[in-house]
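Visitor: I have never looked at this structure before. Could you walk me through it?

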Amino acid sequence: MKVSIISFTAKGDELNKKIEQLIRNEQVEANGKTFNPKGCYLGEWTGKAFAASDAVIFIGAVGIAVRAIAPYVGKKDTDPAVICIDEAARFVIPLLSGHIGGANAFAEELADKLGSCAVITTATDINGVFAVDTWAVNSGYAIDNIDEIKHISGALLGGETVGLVSDFKISGRIPEGIEQGTDHECGICISDEVKKPFLHTLNLIPKRYVIGAGSRRDADENALIELFSGLGINEKAVDSVATIDIKKNEKSIRALAEKLDTGLKLYTTEELNRVPGEFEVSEFVKKTTGTDNVCERAAAASGGMIVIHKTKGDGVTIAAAVKDWSVSF
């Protein structure tokens, strides 16, 4: 996780450095009044942090943070977590993306480490109601129609029962207020496909596909994107793009990962050669990479089953594997 921190006073800078040490396992960029000054306006800094960070921490007044982020607030499924902490470290306040962005959980983690009070204001949390968006993100689901969250949460907060349908096996205790079946106005649908069994349906899509990618040097940037578009796989169902480590900087591979908004999994030649299974053999690929098939082996390295075998494009190849899935509460 990439975290950007900014403070505005000498006392705030001390807390800034303390937080940086407390979360040193994360990728942190800390900026203060007395150290590492960026020489730019707060608005400019905030814009860059918003675009590049998973979490943004302001150490200072809430008003400063609110005014700084206002021009950049977009959608709750894309905005980073934003947290404000007073320079005395008495309160840790999540301001934006409390659930999907993880601001509430991160605020509680920071408050615990600082001996502070986390100020949580989201209705589901303070009323002890199941927060479907938090659960979905933490459980590996993509949310297809984010506007429906308000209907689900509103129904639960109002004491109504919310329906649930799933194409996958369900284990664990289903949260209070949720009942399997379609006899409800609002409901949750867990499927690879977008369906509407309820008037207000929240579609949760398991991110269970791994896309294996191969590319010749300097293949066209859009070659893999075009090839993926013909596979018939929902972009939101993709967990990651995988390839051999020596191809990590190929622009076609990076463009696909960026398009799908996923991480890039890299494997060494030795790791790919150890992947069990039958794969289409290419002597040319083996000569240039050390393994006989990059895309299929990289896709299968996740432990999933190959569902789309090696497909060729203009200087690129693609394959897809899918992992078994079950719904766990």
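Guide: What follows is a short tour in questions and answers.

Guide: One thing before we start: this is a predicted model.

Visitor: How many helices and strands make up the secondary structure of the protein?

Guide: There are 12 helices and 18 strands. The C-alpha atoms fill a box of roughly 65 × 55 × 30 Å along the principal axes.

Visitor: How much of the protein is made up of buried residues?

Guide: Of the 329 residues, 47% are buried. The protein exposes about 16,500 Å². Carbon and sulfur atoms supply 46% of that area.

Visitor: What share of the contacts with a separation of 6 or more joins residues 24 or more positions apart?

Guide: That share is 58%.

Visitor: And the charges: how far apart are the mean positions of the positive and negative ones?

Guide: They are 5 Å apart. The protein has 36 positive and 46 negative charges.

Visitor: Let us turn to single residues. Why is S4 called buried?

Guide: Its relative accessible area is 3%. Buried means under 20%. S4 falls under that cut-off, so S4 is buried.

Visitor: Where is S4, and what is it in contact with?

Guide: S4 sits in strand 1, residues 2–7. Setting aside neighbours within four places in sequence, its contacts are E29, W45, A49, S53, A55, V56 and I57.

Visitor: What makes the link between the side chains of S4 and S53 a polar contact?

Guide: The distance is 2.6 Å. A polar contact needs a pair of N or O atoms within 3.5 Å. The side chains of S4 and S53 meet that limit, and the pair counts as a polar contact.

Visitor: How do you know that T46 counts as buried?

Guide: T46 has 0% relative accessibility. The cut-off is under 20%, so T46 counts as buried. T46 is in helix 2. Beyond four places in sequence, T46 touches F58, A68, I69 and Y72.

Visitor: Which residues of helix 3 are buried?

Guide: In helix 3, residues 62–69, they are A65, A68 and I69.

Visitor: Why are the buried residues of helix 3 said to line one face?

Guide: Look down the axis of helix 3: its buried residues fall within an arc of 85°, so they line one face of the helix. Their cover includes helix 2 (42–52), strand 3 (55–59), strand 4 (81–85) and strand 5 (91–96).

Visitor: What about helix 7: which residues are buried there?

Guide: In helix 7, residues 149–157, the buried ones are I149, I152, S153, A155 and L156. They cover an arc of only 160° around the axis, which puts them on the same side of helix 7. Just after helix 7 comes G159, with a positive phi of about 80°.

Visitor: Why does L96 count as buried?

Guide: L96 has 19% relative accessibility. Buried means under 20%, so L96 counts as buried. L96 lies in strand 5. Leaving out residues up to four places away, L96 touches F50, I69, V73, D79, P80, A81, V82 and A103. C84 is 12 residues from L96 along the chain, and their C-alpha atoms are separated by 9.8 Å.

Visitor: What makes the phi of A89 worth a look?

Guide: Phi of A89 is near 60°, a positive value in a residue other than glycine. Most residues other than glycine have a negative phi. A89 is in the loop between strand 4 and strand 5. At 14% relative accessibility, A89 counts as buried.

Visitor: And what is the phi of S97?

Guide: Phi of S97 is near 60°, also positive in a residue other than glycine. S97 lies in the loop between strand 5 and helix 4 (103–114). With 10% relative accessibility against a cut-off of under 20%, S97 counts as buried.

Visitor: Last stop. How do you know that A255 counts as buried?

Guide: A255 has 10% relative accessibility. The limit is under 20%, so A255 counts as buried. A255 lies in helix 9, residues 251–260. Apart from neighbours within four places in sequence, A255 is in contact with E221 and I225. F284 is 29 residues from A255 in sequence and 24 Å away in space, C-alpha to C-alpha.

How values were computed: Residues numbered from 1 in each chain as written. Predicted model: local features only at pLDDT ≥ 70, side-chain atom pairs only at ≥ 80, totals over all residues. Heavy atoms only, no water. Helix = DSSP H or I, 4+ residues; strand = E, 2+ residues; numbered from the N terminus. Buried < 20%, exposed > 50% of the residue type's maximum accessible area, 1.4 Å probe, protein only. Polar contact = N/O pair within 3.5 Å; in protein donor to acceptor, adjacent residues only side chain to side chain. Contact = heavy atoms within 4.5 Å. Areas by Shrake-Rupley, 256 points an atom, 1.4 Å probe, with all protein chains shown as cover. Lys, Arg positive; Asp, Glu negative; His and termini not counted. Charge placed at Lys NZ, Arg CZ, Asp CG, Glu CD. Arc of directions from axis to C-beta.
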